[in-house]
Amino acid sequence: MSRLVTLMTCQWADLEMEEMFRLAKEMGYEGVELATWGNHLDLKRAVNDDAYVEEVKGLLAKYDLICEALATHIIGQCVGDYNDPRLNNFAPAELADKPDEIRAWAIEYMKYAPVAARKMGCYVVTSFVGSPIWKYLYSFPQTTEEMVEKGYQEIHDLWAPILDVFTKEGIKYALEVHPGEIAFDYYSTKRLLEKMSDYPCFGINFDPSHLIWQGVKPELFVRDFAERIYHVHMKDAAVTLDGRSGLLGSHIDFGDARRGWNFRSLGHGDVNFEEIIRALNDIGYDGPLSVEWEDSGMERVFGATEAAEFVKKIDFAPSDFAFDDAIAN
């Protein structure tokens with residue numbers, strides 16, 4: 001088994017789409033997980049303009065790239081979050097400081113996503129859901145169970161009409177478990193999957209970098225949520241606690257050495273990718289391995305090129321032969 005090695009283009013959305021495709025191929029990638037903002041895929045246009053879809057497909061073919069996933073993270077965040085000035089960075093400029101209109105825009109575009117994915121020949125859309133209760137991360141002032149449950153129910157109810165479209169279109173939705181989401185670690189994910197049990201299309205975009213610094217073993221996450229692992233990000237992080245730094249980051253930006261942890265280019269952090277590959281083999285995952293490249297201390301073309309090589313080297317198929325059969329009588 002040789003899984004498709006793709007590049008998530010979200011961190012490269014400043015480049016024009018054709019330039020991104022050319023560069024991705026040059027860096028050694030076999031496909032892309034295509035962002036739906038910046039200079040990359042326009043969801044509404046993809047839904048309404050078949051010629052545009054064929055144009056994008058033509059560019060992919062020109063550079064011999066495969067696209068099996070669309071990324072909608074910043075749009076999805078605007079569904080579950082509300083009245084946060086930081087969302088102005090994600091929504092169209094004319095909606096700035098209009099929380100109701102930002103949410104309505106996000107819901108509309110997330111409904112476009114599975115239609116666009118089907119037309120592009122993708123099987124999955126990766127995303128965030130947001131969280132009305134992330135501010136309750138530390139339970140002071142006191143947080144009641146009723147407040148937490150209300151948040152989970154709100155996310156279910158906000159996303160139900162969107163997931164109805166995913167179900168209709170036959171496309172999987174893959175939440176990236178991540179701080180700032182209602183599912184950010186093991187048990188918050190378990191609770192959300194139970195809440196969303198009426199939507200089999202709802203699953204996980206597995207990303208070990210968001211688990212490792214929280215003390216969660218990524219390979220256990222893969223095994224325990226095996227049936228809902230719909231897509232995989234390859235991304236690394238390094239924990240560098242020094243007696244002064246803390247895991248909550250101290251309001252210090254990524255890349256600063258004073259932080260207690262930072263994202264790192266693949267192979268330069270603490271994630272044990274061999275154990276992850278073994279776990280993915282055990283659950284029968286044969287989808288893409290998508291590099292989400294983030295490392296504030298490394299030039300991105302160098303890093304992403306090295307990351308493609310790393311994934312190809314670390315990926316291996318499960319054995320189809322019991323080693324001790326060779327010595328059987």
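Asp64 sits in the loop that links helix H3 (50-62) to strand S3; helices (H or I, at least four residues) and strands (E, at least two) are DSSP runs, numbered from the N terminus. Its phi is near 55°, a positive value in a residue other than glycine. At 55% relative accessibility, Asp64 counts as exposed, where exposed means over 50% relative accessible area, buried under 20% and partly exposed in between (1.4 Å probe, protein chains only).

Ser250, in the loop between S8 and S9, is not a glycine but has a positive phi of about 60°. Ser250 is partly exposed, with a relative accessible area of 46%.

## Basis of the model

The model is predicted: local features need pLDDT of at least 70 and side-chain atom pairs count only at pLDDT 80 or more, while totals for chains, interfaces and linings use all residues. Residues are numbered from 1 along each chain as its sequence is written, and side-chain values use heavy atoms, with hydrogens and water left out.

## Strand S4 and its neighbours

Strand S4 (residues 124-127) is covered on both faces, with Val124 and Thr126 buried on one side and Val125 and Ser127 buried on the other. S4 pairs in the parallel sense with strand S3 (residues 66-71) over 3 bridges; two strands pair if DSSP finds at least two bridges between them. Ala69 has Val124 of S4 as its bridge partner.

S4 also runs parallel to strand S5 (residues 172-176), joined by 4 bridges, and Val124 is partnered there by Lys172. In the loop between S4 and H6 lies Pro141, joined to Phe140 by a cis peptide bond with omega about -5°.

## Helix H10

In helix H10 (residues 273-283), the buried residues are Phe273, Ile276, Ile277, Ala279, Leu280 and Asn281. These pack against several elements, including strand S6 (202-206), helix H9 (218-224) and helix H11 (300-314), where contact means heavy atoms within 4.5 Å.

Asn272 caps the N-terminal end of H10, with a side-chain oxygen 3.3 Å from the backbone nitrogen of Glu274. Gly284, which follows H10, has a positive phi near 80°.

## Lining of the largest pocket

The largest pocket is lined by 47 residues, and Arg86, Trp134, His178, Pro179 and Gly180 lie nearest its centre. A pocket is an open set of points on a 1 Å grid over the protein atoms alone, where a 1.4 Å probe fits, with protein on both sides within 12 Å along at least five of seven lines; lining residues have an atom within 4 Å of a point. H4 supplies the largest share of this lining, 4 residues.

How values were computed
Polar contact = N/O pair within 3.5 Å; in protein donor to acceptor, adjacent residues only side chain to side chain.
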